[in-house]
Amino acid sequence: MKNLALAISLTVIGGGVAVAAPAPQAKTQPAAKAATDPVCGMKVDAKTADQSVYQGKTYYFCSKEDKAAFDKHPANYVKK
């Protein structure tokens, strides 16, 4: 009953306009940085994918097998 009286009092004091508190904002995850596995062409999340650096550039992989193939012969998978 106290809450109802308080709500009525606030409505009257506010000139007859009830003001609601803003809805809480949903927390969102930052967008994933998309990358393409150079071995199979699959899109991967760069934050969680295996990676190798070749000639100063980082490459991302969907699997340990693709990373191993790249590490063995990276020039075969790098676009010129």
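## Contacts of Ala-35

Setting aside neighbours within four places in sequence, Ala-35 is in contact with Met-42, Lys-43, Val-44, Ala-46 and Tyr-60. The model described here is predicted.

Among these partners, Val-44, Ala-46 and Tyr-60 also belong, with Ala-35, to the largest nonpolar core. Ala-49 is a further member of that core, which has 5 residues in all.

## Fold and chain totals

The protein chain contains 2 helices and 4 strands. Their order along the sequence is α-β-β-β-β-α.

Of the 80 residues in the protein chain, 19% count as buried. The accessible surface of the protein chain is about 6600 Å², and carbon and sulfur atoms account for 60% of it. Among contacts in the protein chain with a separation of 6 or more, 20% are between residues 24 or more positions apart.

## Backbone at Gln-55

Gln-55 lies in the loop between strand E3 (50–54) and strand E4 (57–61). Although Gln-55 is not a glycine, its phi is positive, at about 50°. Most residues other than glycine have a negative phi.

Is Gln-55 buried or exposed? The relative accessible area of Gln-55 is 68%, and the cut-off for exposed is over 50%, so Gln-55 counts as exposed.

Notes. Residues are numbered from 1 along each chain as its sequence is written. This is a predicted model: local features need pLDDT of at least 70, side-chain atom pairs count only at pLDDT 80 or more; totals for chains, interfaces and linings use all residues. Side-chain values use heavy atoms; hydrogens and water are left out. Buried means under 20% relative accessible area, exposed over 50%, partly exposed in between (1.4 Å probe, protein chains only). A nonpolar core is a set of buried Ala, Val, Leu, Ile, Met, Phe, Trp, Tyr and Cys residues joined through side-chain atoms within 4.5 Å. Contact means heavy atoms within 4.5 Å. Accessible areas come from the Shrake-Rupley method with a 1.4 Å probe; for residues, only the protein chains shown count as cover.
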